[in-house]
Amino acid sequence: MAGDVLPGGVDMGRSFESVRMGVKDVSARWLKASRALKKEDQVYGQKVAEMAKKHSSEAFYALDDPLEAAVFSVLVELLRELERGREE
């Protein structure tokens with residue numbers, strides 16, 4: 001998505017994808033890739049794709065790479081699930 005170019009070549013507006021939108025795209029690709037997994041593993045691929053989006057808003061403030069934000073989000077969610085499992 002390109003912004004408007006003013007005289008003198010000054011670019012106005014966003015000319016790059018937001019981290020949040022990038023994470024959404026990564027998640028959509030991961031969801032599509034999960035369909036190629038064995039039937040019993042597809043649910044895990046779908047879950048990872050959903051986990052990637054959970055913290056994209058928070059990661060937006062600290063990270064500028066959508067893939068890094070997606071992986072960070074998945075790791076946070078995995079640790080939360082691990083902790084919940086220990087509490088039960």
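Reader: Which residue meets Arg-80 in a salt bridge?

Author: In this predicted model, the side chain of Arg-80 takes part in a salt bridge with an N to O distance of 3.3 Å. The two partners are three residues apart in helix H4, so about one helical turn separates them. The partner of Arg-80 is Glu-77.

Reader: Is Glu-77 buried or exposed?

Author: A residue counts as buried when its relative accessible area is under 20%. For Arg-80 the relative accessibility is 44%, and that residue counts as partly exposed. For Glu-77 the value is 4%, so Glu-77 is buried.

Reader: How many salt bridges does a search of the whole structure find?

Author: Side chains of opposite charge can pair when their charged atoms come close. The search of the whole structure gives a total of three.

Reader: In which helix do Glu-50 and Lys-53 lie?

Author: Glu-50 is partly exposed at 43% relative accessibility, and Lys-53 is partly exposed with a relative accessible area of 35%. The two residues are three apart, about one turn of the helix, and both lie in helix H2.

Reader: How many residues apart in sequence are the parts that Glu-81 and Lys-47 tie together?

Author: Glu-81 belongs to helix H4 (residues 66–87) and Lys-47 to helix H2 (residues 39–54), so the pair ties together parts whose separation in sequence is 34 residues.

Reader: What is the relative accessibility of Lys-47?

Author: Partly exposed residues fall between the buried limit of under 20% and the exposed limit of over 50%. Glu-81 is partly exposed, with a relative accessible area of 30%. Lys-47 also counts as partly exposed, and its relative accessibility is 40%.

Reader: Are H2 and H4 roughly parallel or roughly perpendicular to each other?

Author: Two packed helices are described by the angle between their axes and the distance between the axes. For H2 and H4, the axes are 7 Å apart and the angle is about 105°. Angles from 65 to 115 degrees count as roughly perpendicular. H2 and H4 are therefore roughly perpendicular.

Reader: How many charged residues does the contact of H2 with H4 have?

Author: The H2 side of this contact includes Lys-47, Lys-53 and Lys-54, while the H4 side includes Glu-77 and Glu-81. By class, the contact has six nonpolar residues and one polar residue, and the number of charged residues is five.

Reader: At roughly what angle do the axes of helix H1 and H4 cross?

Author: Helix H1 spans residues 19–34, and its axis comes within 8 Å of that of H4. H1 is roughly perpendicular to H4, and the crossing is right-handed. The angle between the axes is roughly 70°.

Reader: How many nonpolar residues does the contact of H1 with H4 have?

Author: From H1, the residues in contact are Val-19, Gly-22, Val-23, Val-26 and Trp-30. They meet Pro-66, Leu-67, Ala-69, Ala-70, Val-71 and Val-74 in H4. The contact has no charged residues and one polar residue, and its nonpolar residues number 10.

Reader: In what order do the elements of the chain run from the N terminus on?

Author: The secondary structure of the chain comprises four helices and two strands. From the N terminus on, the order is β-β-α-α-α-α.

Terms used. Residues are numbered from 1 along each chain as its sequence is written. This is a predicted model: local features need pLDDT of at least 70, side-chain atom pairs count only at pLDDT 80 or more; totals for chains, interfaces and linings use all residues. Side-chain values use heavy atoms; hydrogens and water are left out. A salt bridge is a side-chain nitrogen of Lys or Arg within 4 Å of a carboxyl oxygen of Asp or Glu. Buried means under 20% relative accessible area, exposed over 50%, partly exposed in between (1.4 Å probe, protein chains only). Axes are lines fitted to C-alpha atoms, for helices over the stretch in contact, and angles run from 0 to 180 degrees between N-to-C directions. Angles under 35 degrees count as roughly parallel, over 145 as roughly antiparallel, 65 to 115 as roughly perpendicular and the rest as oblique. A crossing is left-handed if the near helix is turned anticlockwise from the far one by less than a right angle, and right-handed if clockwise. Contact means heavy atoms within 4.5 Å. Ala, Val, Leu, Ile, Met, Phe, Trp, Tyr, Cys and Pro count as nonpolar, Asp, Glu, Lys and Arg as charged, and the others, Gly among them, as polar.
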